[in-house]
Amino acid sequence: MSSEPRFHVGFRTSIIALFVGIVLFVGLALVYLSFVRVTSITRSAASSFLDTVAQLSADRIDARLKTARDSLDILRGLTSVQQGDIRDNPRLHVVLASMLRNNKQLYNLYIGYDDGSFLEMDFIDRAGSVGKSRLGAPDDAKFRLVIIAKAGDGGKPVSSIHFLSDTLASISQHPGRTDFDPRERPWFKDAYEPNAGLLTEPYVFFATGEAGYTVRVPIDGGRRGVVAGDILLGEAEAMLRKQQIGKSGLAFLFDDAGRVLVHPDMRNLMEAANRSGQPGELPRLSAIDTIGISAAISAWRQSGVAQQFFRDGNGRTYAAAFHPIALAGAANLNLGLFAPVDEFYAQIEGDRRRLFVVAIAFVLAVLPIAFALGSMLSGSLRELARETDNIQKFRFTNSAQLHSPIREIDELGRSVSTMRTLIRTFSNFVPKRLVQQLVETGNAMTLGGTRREVTILFTDVANFTGITEHRDPAQVMQFTSRYFAVMSEAIMANKGTVDKFIGDAVMAIWNAPIEDDDHVANACAAVLACIEANRELNTEFEREGWPAYHTRFGVHVGDVVVGNIGSSDRMNYTVLGAAVNLAARLESLNKQYQTTALVSEAVKQRVEPRFVFRSVDRIKPKGFAAEAQVYELVGARAESGVRRAV
């Protein structure tokens, strides 16, 4: 005789418990994965965007320096300059004025010789009214011409100052200083040093009151001398002000000595330095550091990683990117960009918070209604349970949304349909097989890994920077996203897992997280599929007027550590080990050997009966003790059933 259970649960209560359990499990799992992964995606996107902006801004500044240097190169090559013919030479004056007009960052140009002769032309309009007053210039003067030359052989130097109109007509003439000796100036004395750079130390110009550099080059032929010019940084300041990202973003130039050269609020910083008893001194990094900029700069200098994240005193997270100015040379000029992540991607952050609030509000709203109508829910809930079970097992269908005359059940059907869409979409941001494992097992993501043999693939687009640097960034993102979609589809179709996108490169793995006994052959088949897909995509690109993306591949198989790395609040599923480094090295060697897909000897030995390989070379990769034979993957053998590469 069976005993009656002591504890009875009503049907409606069971339905409520089941409903709440499903919603909480799936909803909280989704929110958890969303919070962790979206944070990582947000930071990665912010870092990549800032790095791109920093690169473009640094390139613009380098271009301005190059323009100034090119002008000096032209000037020092003139016959009159090489011969020291600077007195009564109106043709030379015309050349100087034309160069100043065409180079907005130049305030003046001057030439000094080893006998003390000197010629200088200033574009005094760029000094402003205050600068004109300091120089004693007439109101209608456009240029100031200073000439120091000897009256004759062995004679004393004669100095004169001429104020010229826009057409270089003389407005007034005055005696100049005779005690000025260009040979004693730093720009002259250091120009012939072995390690002399293009730029001098920064300083504040007397006429303009602005910070700047002197750019100088020695005269190669003829008389020994130096051609130089003063670069105003106001143009760079205006450019960086336009680069401000968000409401609180900041872009500025600084050097290794901790001096701030260009800042959107440079004028006020200079005035503050004057008020503090340091007239003529450039502001220091400490004067602008209100959020922890100095710590981020120190971290960059110690680690060499140009993208940094840090928190200010209020706990706000900032992204930072740094880039050196190449042509600055020994001046060690650097560009820094800073932006708060929450402001930079405020919409993403807001949508994420709203998702959490909506999920909680939804659960609270349906509980009383579900209790009252529990007896009417069994059939619909069983259908919803089957749907959520399919979602849990990643069996996504295109079935229509469940409808019911009961509003609450209809809303639940819509929510489950939305949940299916969200999980399917979210699997695009992380390896799908990893998300499937997490959802199916319910295991939390933890740090650590295990040793396993995997096949690793690295791809890279040849000369990506060169073919896209002058293109519209929005178009670059659009076409590159299409490229990534095609590559990812070919990889996943051959049982691969896309580990990450690195700039224009793709890293993929086989045999993790899902085991694959034929992972080496699947990786080779994926490479051939990528080549074919890339060829078809390039045909579309060329038809649309976009340059083709030519992809290089590197494949290796070996033991690695597979798992989650990072910190407790930010993890990344990936693989680590020497095998990863060798795969990346093989990809880069394609450029040297003019090949498309290089594989290691280990790959060739495993799948040689099914694929055709060509021996390329025997190399000793950097960081590896032993030599390794390198092969090119040519195609699949006809009997293998794999589509051949052409």
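Reader: What should I know about the model before we start?
Author: The model is predicted, so local features need pLDDT of at least 70 and side-chain atom pairs count only at pLDDT 80 or more, while totals for chains, interfaces and linings use all residues. Residues are numbered from 1 along each chain as its sequence is written, and side-chain values use heavy atoms, with hydrogens and water left out.

Reader: Let's begin with the rings: how many aromatic pairs does the structure hold?
Author: There are 21 aromatic pairs. Rings of Phe, Tyr and Trp (its six-membered ring) pair if their centres lie within 6.5 Å; planes under 30 degrees apart count as stacked, over 60 as edge-to-face and the rest as tilted.

Reader: What makes F252 and F338 a stacked pair?
Author: The ring centres of F252 and F338 are 5.7 Å apart and the planes stand at 5°, so the pair is stacked. F252 belongs to strand β9 (residues 250-255) and F338 to strand β13 (residues 333-340), so the pair links parts of the chain 86 residues apart. Helices (H or I, at least four residues) and strands (E, at least two) are DSSP runs, numbered from the N terminus. Both F252 and F338 are buried, where buried means under 20% relative accessible area, exposed over 50% and partly exposed in between (1.4 Å probe, protein chains only).

Reader: And why are F479 and W546 called stacked?
Author: Here the centres of F479 and W546 are 4.4 Å apart, with 5° between the planes. F479 sits in helix α15 (residues 473-493) and W546 in the loop between α16 (519-543) and β17 (551-567), so this pair ties together parts that are 67 residues apart in sequence. F479 and W546 are both buried. They also belong to one aromatic cluster, whose members include F464, Y483, F541 and Y549.

Reader: What lies over the face of W546, and how do you know?
Author: That is R471, at 5.0 Å from the ring centre of W546. A charge sits over a ring if NZ of Lys or CZ of Arg is within 6 Å of the ring centre and within 35 degrees of the ring normal. Another example is K604, which lies over the face of Y631 at 4.8 Å from the ring centre.

Reader: On to helix α3: how does its span compare with what is expected?
Author: Helix α3 (residues 90-102) has 13 residues and reaches 19 Å from its first C-alpha to its last, close to the expected 18 Å. The expected span is 1.5 Å times one less than the number of residues.

Reader: Which residues of α3 are buried, and what puts them on the same side?
Author: The buried residues in α3 are L92, H93, L96, A97, M99 and L100. They cover an arc of only 160° around the axis, which puts them on the same side of α3; the arc is that of the directions from the helix axis to the C-beta atoms. The face turned away from the buried side carries the exposed residues P90, R91 and N102.

Reader: What makes β15 and β16 a pair of strands?
Author: Two strands pair if DSSP finds at least two bridges between them. Strand β15 (residues 497-502) and strand β16 (residues 505-510) have five, in the antiparallel sense, and I502 stands opposite A505 in β16. The two strands form a hairpin with two residues between them, and G503 in the turn has a positive phi of about 65°.

Reader: Why is strand β12 described as largely enclosed?
Author: Seven of the eight residues of β12 (residues 317-324) are buried, so the rest of the structure largely encloses this strand. β12 pairs in the antiparallel sense with strand β11 (residues 307-311) over five bridges and with β13 over seven bridges. Q308 has A320 in β12 as its bridge partner, while Y318 has P340 in β13.

Reader: How many disulfides are there, and why does C524 count as buried?
Author: The structure holds zero disulfides, a disulfide being a pair of cysteine sulfur atoms within 2.5 Å. C524 counts as buried because its relative accessibility is 0%, and C530 is buried with a relative accessible area of 0%.

Reader: How do you know that the peptide bond between A512 and P513 is cis?
Author: Omega of that bond is about 0°. P513 is placed in the loop between β16 and α16.

Reader: Finally, what makes N463 stand out?
Author: N463 has a positive phi of about 55° although it is not a glycine. Most residues other than glycine have a negative phi. N463 is found in the loop between β14 (448-461) and α14 (464-468), and at 52% relative accessibility it counts as exposed.
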